[in-house]
Amino acid sequence: MSDDSTQTLRSARDGAVLTLTLDRPDALNALNATLRKELLAALKAAARDDEVRAIVITGAGRGFCAGADLRGGTDERAFRRVLRAEYNPLIEAIRRLPKPVVASVNGVAAGAGVSLALATDLVIASEEARFVPAFDRIGLVPDSGLARTLVRALGRHRAFELLVGQRPLSAADAQAMGLVAAVVPAAALAEETRSLAARLAAGPTAGIGLTKRLLNAAEDATLSETLEAEAALQDLAGRSEDHAEGVAAFSEKRDPAFTGR
Ligand code: T3D
């Protein structure tokens with residue numbers, strides 16, 4: 001296990017799984033400028049590092065992430081610039097990262113913390129987690145991709161209710177809506193996350209990365225465009241070592257040993 005922590009982010013690698021822990025527990029891991037910068041740098045490094053084949057994002061203490069840090073007040077908030085330069089690249093980095101990214105939601109997620117969790121590929125949550133969009137509580141619109149995520153996942157009316165209804169969503173409700181893959185007791189979250197991430201990290205990483213690319217493309221595409229994208233990406237996946245290994249394992253009636261290549 002290697003540890004490469006910074007001021008506001010703990011970064012630990014266990015085998016092929018990199019865990020990034022938002023580490024400002026006194027502020028429920030709210031995103032200040034330093035944390036935004038450190039998280040983006042860590043995600044970019046993870047994308048480049050062949051040893052990393054799955055990434056987990058979680059929070060230190062009792063919260064996952066309370067969204068934008070509000071302690072600085074509103075005086076110097078240059079929303080357009082900050083969103084473009086700091087939040088949007090984070091969301092895009094997760095969506096474009098060619099490896100699985102898991103949110104392990106250990107407690108409350110609010111504002112852009114909800115956006116961050118739902119930008120990942122798979123969300124596992126503690127029974128104690130709750131999702132509080134919160135933007136409306138301070139007169140803002142949802143950002144960091146949340147409106148798009150919710151309108152696609154839930155449809156317009158349920159998205160509206162969630163975004164302006166001021167009703168926190170429990171982990172169980174979020175799972176029932178399909179936003180969260182699994183809800184586990186708080187004490188089991190770390191272990192369940194570890195085993196889920198290890199399973200993903202042992203998968204055919206190149207093919208998983210291409211699957212993410214295909215899903216990104218399919219979100220905005222027609223059927224014909226999707227079929228064309230599938231043909232192009234299958235061509236790439238079909239040339240991966242893991243495809244050959246998967247087919248060989250099938251023929252030899254054994255489990256595949258994927259290397260990620
Ligand atoms: O310019 C830009 O950055 C634009 C981007 C905007 C994106 C956004 O995310 S806007 C939405 C920002 N977030 C919020 O509005 C959430 C604010 N927090 C809350 O509503 C509540 O804290 C929670 C619902 C998340 C949790 O409630 P609760 O009762 O469990 O905890 P608490 O007592 O309110 O908070 C505990 C501590 O965390 C407290 O500090 P203290 O009093 O113990 O010293 C609180 O101030 C701090 N904290 C919570 N949220 C934030 C925060 N500190 C800084 N920023 C926060 N967002």
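Predicted model: local features only at pLDDT ≥ 70, side-chain atom pairs only at ≥ 80, totals over all residues.

I begin with a packing arrangement: the buried residues of helix α4 pack against α3 (112–119) and α5 (156–164). Contact here means heavy atoms within 4.5 Å, and buried means under 20% relative accessible area, with a 1.4 Å probe and protein chains only. Helices are DSSP runs of H or I with at least four residues, strands are runs of E with at least two, and both are numbered from the N terminus.

Residues are numbered from 1 along each chain as its sequence is written, and side-chain values use heavy atoms, with hydrogens and water left out.

Which residues of α4 are buried? In this helix, residues 146–154, they are Leu146, Leu150 and Leu154. Seen down the axis of α4, these buried residues fall within an arc of 25°, so they line one face of the helix; the arc is that of the directions from the helix axis to the C-beta atoms. In general, an α-helix has 3.6 residues a turn, so residues three or four places apart point the same way. Gly155 follows α4 and has a positive phi, near 90°.

Thr21 lies in strand β3, residues 17–22, and counts as buried because its relative accessibility is 9%. Setting aside residues up to four places away in sequence, Thr21 touches Thr8, Leu9, Arg10, Thr58, Gly59 and Ala60.

Gly59, in turn, belongs to strand β4, residues 54–59. Is Gly59 buried or exposed? Its relative accessibility is 10%, so Gly59 counts as buried. Beyond its neighbours within four places in sequence, the contacts of Gly59 include Thr21, Leu22 and Phe64. The C-alpha atoms of Gly59 and Arg10 are separated by 9.4 Å, although these residues are 49 residues apart along the chain.

Finally, the chain as a whole. Its secondary structure comes to 10 helices and 11 strands, and 43% of its 261 residues count as buried. Among contacts with a separation of 6 or more, 66% are between residues 24 or more positions apart. Along its principal axes, the C-alpha trace spans about 60 × 45 × 35 Å.

How values were computed. Buried < 20%, exposed > 50% of the residue type's maximum accessible area, 1.4 Å probe, protein only.
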